[in-house]
Amino acid sequence: MKLEYDLVIIGGGPAGLAVALEARRNTVKDILLLERDKYLGGILPQCIHNGFGVQYFKEELTGPEYAGRFITKLKDCQINVKKETMVINITSDKRIIAINRDDGLLHIQSKAVVLAMGCRERTREAIAVPGSRPAGIFTAGTAQRYINIEGYMPGREVVVLGSGDIGMIMARRMTLEGARVKAVLEIMPFSTGLIRNKVQCLDDFNIPLKFNHTITRIEGGKRVEKVTVAQVDKNLQAIPGTEEEISCDTVLLSVGLIPENELTSEAGIKLDPVTRGPIVNENRETEIEGIFACGNVLHVHDLADFVTEEGEIVGRAVGEYLKGNRKFRSQPIKIFPGDNIAYVVPQHIDFIVPGRKKIKLFMRVKKPEERVKINLIDDKGRVLTAYKKRIVTPGEMVSVFLPEVLLDDKLKNITISIKRD
Amino acid sequence: MKTDVVIIGGGVIGTAIARELSRFNINIILIEKEDDVAMGTSKGNSGIIHAGYNDDFNTLKGELNIKSNPKFDKLCADLKILFKRIGSLVIGFSQEDFRKLKELKENGEKNGIENLEIIRGPKLFELEPNLNPQAKYALYAPSAGIISPYKFTIALADNAVINGVKVLLETEAKDIRIEEKQVYGVVTNRGLIETRIVINAAGLHADEIAEAAGDNFKINPIKGEYQLFDKQWGNLVNHILFPIPTKLSKGILVAPTVHDNLLIGPNSYWVKDKDDPATTKAGTEEVCEGARKLVPNLPHQDLVASFAGLRADIEGRNDFIIEASKKIRGFINVADIESPGLSSVPAIAEMVSGILKEVVKEISPQLELNCQDDFVETLVEQPKFADYLDKTGEWQEIVEKDTDYGEIICRCEKVSKGEILRAIHQPLPARSLDAIKRRVRAGMGRCQGGFCSPKVLKILSEELKISPLKVSKKGPGSEILKTKTKEIIKETGVKFKDEVRV
Ligand SMILES: Cc1cc2nc3c(=O)[nH]c(=O)nc-3n(C[C@H](O)[C@H](O)[C@H](O)COP(=O)(O)OP(=O)(O)OC[C@H]3O[C@@H](n4cnc5c(N)ncnc54)[C@H](O)[C@@H]3O)c2cc1C
């Protein structure tokens, strides 16, 4: 088999699929897409609920349908795909080692590499929920796989910890399957998922969502028998006297997603401690030229549509990179998170691109706020431009445009801050 | 069922005894109440092979630890498990601590350890750059090492099985049949096993077994909680770091594991329940605080697991019980095996072998204890993909012979399907998700089985030819899945109508 490519994409979820198609549109010739699972689509094939594609296709699709549209197109444009193939190493000079049953170990050399490995779920262990270790504790995504792919119910009486999107969607899914979802507990005073999911998955099914609550103990020998839940104070510490026991056989966790960047780190690429993804420029190119990242491996997105958009940015950028006619700014512009901003992607702007009108910046806030002003501030404290927004919350990514006209040669830093208007 | 010897308990002690006795041409059955060996104390401990300076040589603890320590290199090489002699440092901060370190050193030297050294000043930080800068002294014991206690136990069991020991899992001793002060059998949940010799290695439950045979002591569990951090942090320390020991324990340590994780713990406090290794919030905080005294900057954001173990302590007694019962013939107690129990394993097994010879002489002189000519001392090395990441050419050859080794099931720990299949068919086979995890590490990594457990579940169901609904985490009662989809609705008739907005 051929072992040299112009572009190797690692991961066949919505990010990798978009990169492949867009790179092809931008005349990238030899493309190889590597996917460890049996099928393409990443996590989408198990997301059988709808709500995908509203932004990108302007219609409501299920996860498999959304993925299906890209997979069909991919087949038409003869992109090499290797499924059930696990990448185990990437080097800074873009050599890739992968393994599968048929070929054994593959040593591949590429001119450009795109990291699109997605993310994993934070576990009960990572947040140190005390108690015993019986069967019946699942991350929400694993439970989703058991139900929607394997066809089995992992539980009958459920308590969900965390109001992340997958947790809320699974609360509804399990309810529809006849399970009793006794409560969704959220340690913060606000939901960490989309507002739309709170309404459609919990409120519509009368599933109680308890803010400022957490599980303080899981009990059960062989199988979960009950959990103790308690209200927490401002420092997120359980308030004595508020404990309450809920009997259940299953605990689902939806307490955050972590970009899977072990391969990235092994390649020597620096990560942003907040996003836990690589630090990138406006092309989503990491500090190693020609290695790009997009989708949930870069930062956790709340909609697949945004992931596709990011994949397309990378697809175009790979085209430019391979053509080799890019023009760097004399110095990069660094973008910093200011008041109430957890992070901004991209972290810096490196290129001068003729004809470019604006750059879209994505960010997450630390805490919810209503009627806010988003200020883009330069090195000298001058507001370059500002936007108003009715509501911001950590569960929903915020994006703003940075007009190209503002980016003069001397500009070194931009800080973005969000404040009540 | 009839046999010459029954060993009760598949912890590190029971399995080591089983392996040692399998040198003889006698019939041995080991019974274990759980679905795998290493489900008790031998799973939840620090995994330290101590140098042997803590205990007095006149105690069994002191003597057997010292005798065992040098044997680990060969034993682990034979069993094909990792043992790393990385050395330990007991850290002191004050003049008072310095005195205690000197006492420990003197005791160690009395025990015959030659290479103990007290280290101070900059050398301390050369050895351990991340050590608390306020540390002043350390007792350095180069012969201390680390091991995976459950892998050790499983390997001992595998080796015993290869040499003819029958291991009966999910088999619990309920009573000891005694006639005229002589053992006649063990009553189990699966029926009577006739035997004239019983070895009680039941760990936390050894007192209940002993009581059934008329011996009296009471085991009070002492809990110890741990935290384990991601593999990228195993090199935060280079040695096993201990605080100054107290009467009750060796204190909260910081150490790498043989799999390159970073381990901190244990705390220590009495609990009532012998079967409840739950972790607690207070315990977690105590462990972190204790560990921070040695290494101030711990990678709390990369916590991979918490767990706890229970020490089988007899209050007021500070030594192992390894002896033939004085009341009942044919009954041997191996109890109160607290720390350094793991470190003393080879010598404990040999001592029990000696006791067995005496007992046999007394009660069954017709039973000849001859060594088997064909005793197999070593296990065969089983290739693990994670060990071949820089020898991919060699792994290619393995995949070409068996394509299952080309399919990676656990991405965090890089475990191939071939390794999982092997675990299901090894001499002491894995029958549950946790048993697979302990053998080949699938599910042990940072995602804690989030991605691979559905796949491992499927493989188990196919290989064992059981329904996926029967696959468990750790034996009957801990099945992962409840029903097929649509079943609950069929049972209860509850259905949501279309009018619900979805
Ligand atoms: C927190 C902690 C830290 C430690 N750290 C170290 C260390 O670093 N170094 C060291 O040398 N030692 C250490 N130890 C001590 C060491 O772990 C023990 O000495 C050793 O594991 C004891 O093994 P065991 O086989 O006696 O007990 P166990 O492992 O508990 O085995 C007993 C087995 O018997 C089974 N059983 C019980 N009752 C029955 C029944 N009725 N029928 C059938 N089966 C039964 C149980 O299920 C269990 O599997 C530590 C212990 C603890 C708790």
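Modeller: A helix is a DSSP run of H or I with at least four residues, a strand is a run of E with at least two, and both are numbered from the N terminus. This is a predicted model, in which local features need pLDDT of at least 70 and side-chain atom pairs pLDDT 80 or more, while totals for chains, interfaces and linings use all residues. Residues are numbered from 1 along each chain as its sequence is written, chains are lettered from A and ligands numbered from 1 in the order written, and side-chain values use heavy atoms, without hydrogens and water.

Colleague: Thanks! Where does Tyr56(A) sit?

Modeller: Tyr56(A) is in the loop between strand 3 (50-52) and strand 4 (61-62) of chain A.

Colleague: Is Tyr56(A) buried, exposed or partly exposed?

Modeller: Its relative accessible area is 29%, so Tyr56(A) is partly exposed. Buried means under 20%, exposed over 50% and partly exposed in between, using a 1.4 Å probe and protein chains only.

Colleague: And what is Tyr56(A) in contact with?

Modeller: Setting aside neighbours within four places in sequence, Tyr56(A) is in contact (heavy atoms within 4.5 Å) with Tyr66(A), Phe70(A), Asp305(A), Thr308(A) and Glu312(A). The C-alpha atoms of Tyr56(A) and Glu309(A) are 8.1 Å apart, although 253 residues separate the two along the chain.

Colleague: Let's follow Thr308(A). Which helix is that in?

Modeller: Thr308(A) belongs to helix 7 (residues 304-323) of chain A. Thr308(A) counts as buried because its relative accessibility is 0%.

Colleague: What does the side chain of Thr308(A) pair with?

Modeller: The side chains of Thr308(A) and Tyr66(A) make a polar contact of 2.6 Å. That term means N or O atoms within 3.5 Å; within protein, one must be able to donate a hydrogen and the other to accept it, and residues adjacent in sequence count only if both atoms are side-chain atoms.

Colleague: New topic: how many residues are in the largest nonpolar core?

Modeller: The largest nonpolar core has 53 residues, and Phe152(B), Ile322(B) and Val334(B) have the most contacts inside it. Helix 9 (residues 345-363) of chain B gives the most to this core, with 10 residues. A nonpolar core is a set of buried Ala, Val, Leu, Ile, Met, Phe, Trp, Tyr and Cys residues joined through side-chain atoms within 4.5 Å.

Colleague: What is Ile322(B) in contact with?

Modeller: Beyond neighbours within four places in sequence, the contacts of Ile322(B) include Leu60(B), Leu64(B), Val334(B), Ile348(B) and Met351(B). Apart from this core lies another, of 45 residues, among them Ile169(A), Ile207(A), Val415(B) and Ile480(B).

Colleague: I saw Leu60(B) in there. Which residues of helix 2 of chain B are buried?

Modeller: They are Leu60(B), Lys61(B), Gly62(B), Leu64(B), Asn65(B), Ile66(B) and Ser68(B). That is seven of the nine residues of helix 2 (residues 60-68). These buried residues pack against helix 3 (72-79), strand 20 (321-324) and helix 9 of chain B.

Colleague: Why is helix 11 of chain B said to be largely enclosed?

Modeller: Eight of the nine residues of helix 11 (residues 417-425) of chain B are buried, so the rest of the structure largely encloses it. Its cover includes helix 10 (392-401), strand 22 (408-410), strand 23 (415-416), helix 12 (433-440) and helix 13 (453-464) of chain B.

Colleague: How much area is buried between chain B and chain A?

Modeller: About 5,200 Å², with carbon and sulfur atoms giving 55%. Buried area is the accessible area (1.4 Å probe) that two parts lose on being put together, summed over both. In this interface, 59 residues of chain B are in contact with 58 residues of chain A.

Colleague: And how many salt bridges are there between chain B and chain A?

Modeller: Nine. A salt bridge is a side-chain nitrogen of Lys or Arg within 4 Å of a carboxyl oxygen of Asp or Glu. One links Glu491(B) and Arg156(A), with the closest N and O atoms 3.1 Å apart. Arg276(A) and Asp302(B) also meet in a salt bridge, at 3.0 Å from N to O.

Colleague: Where do Arg276(A) and Asp302(B) lie?

Modeller: Arg276(A) is in the loop between helix 6 and strand 20 (291-293) of chain A, and Asp302(B) is in the loop between helix 8 (281-294) and strand 19 of chain B, so the pair joins two chains. Arg276(A) is partly exposed because its relative accessibility is 23%, whereas Asp302(B), at 9%, is buried.
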